[in-house]
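Here's a quick briefing on the cross-links in this one. Have a look at the fold, then we'll go through the contacts.

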Amino acid sequence: QVQLVESGGGLVQPGGSLRLSCTASRIRFSLNTMGWYRQAPGEQRELVASLTRAGSTNYADSVKGRFTISRDNVKNTVYLQMDSLKPEDTAVYFCNTLPMNLSWGQGTQVTVSS
């Protein structure tokens, strides 16, 4: 069974940056479209960024220009660089394929607050 492991979250002030990482065994990220999702308290999980096998990216309007998704094929790791963070970015962040075909990991908490 594939187990997704997200890391890199934390508490950051507005305007700050974080880089999230997603790793897994038994799946090659380079062979899949990967996505970063987030779920804020009381909200549904939403897709914020995706990266295709060919390297094309797509972003939710709310994060466009601030977040960057990337992939390291050697390390089999997907990243989400988050800059200019806002309080409304506070959520638990998850990675998964797009469409979502894998069991969800535990996610990593991102809190943006002064």
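Which residue does Arg 38 form a salt bridge with, the closest N and O atoms being 2.9 Å apart? That's Asp 89. Keep in mind that this is a predicted model. A search of the whole structure turns up four salt bridges, plus one disulfide.

**The salt-bridge network**

- Arg 38 sits in strand β4 (residues 34-39) and Asp 89 in the loop between β8 (77-82) and β9, so to speak distant parts of the chain, 51 residues apart.
- Both Arg 38 and Asp 89 are buried, with Arg 38 at a relative accessible area of 6% and Asp 89 at 0%.
- Asp 89 also pairs with Arg 66, where the closest N and O atoms are 2.7 Å apart.
- Arg 66 lies in the loop between β6 (57-59) and β7 (67-72), so its bridge to Asp 89 ties together parts that are 23 residues apart in sequence.
- Arg 66 is buried too, with a relative accessible area of 10%.
- Glu 46 is partly exposed, at 33% relative accessibility.
- Through shared partners, Arg 38, Glu 46, Arg 66 and Asp 89 end up in one network.

**The disulfide**

- Cys 22 is joined to Cys 95, S to S 1.8 Å.
- Cys 22 belongs to strand β3 (residues 18-24) and Cys 95 to strand β9 (residues 91-97), so the link ties together parts 73 residues apart in sequence.
- The link is right-handed, with 55° about the S-S bond.
- Cys 22 and Cys 95 are both buried.

How values were computed:
Residues are numbered from 1 along each chain as its sequence is written. This is a predicted model: local features need pLDDT of at least 70, side-chain atom pairs count only at pLDDT 80 or more; totals for chains, interfaces and linings use all residues. Side-chain values use heavy atoms; hydrogens and water are left out. A disulfide is a pair of cysteine sulfur atoms within 2.5 Å. Helices (H or I, at least four residues) and strands (E, at least two) are DSSP runs, numbered from the N terminus. Buried means under 20% relative accessible area, exposed over 50%, partly exposed in between (1.4 Å probe, protein chains only). A salt bridge is a side-chain nitrogen of Lys or Arg within 4 Å of a carboxyl oxygen of Asp or Glu.
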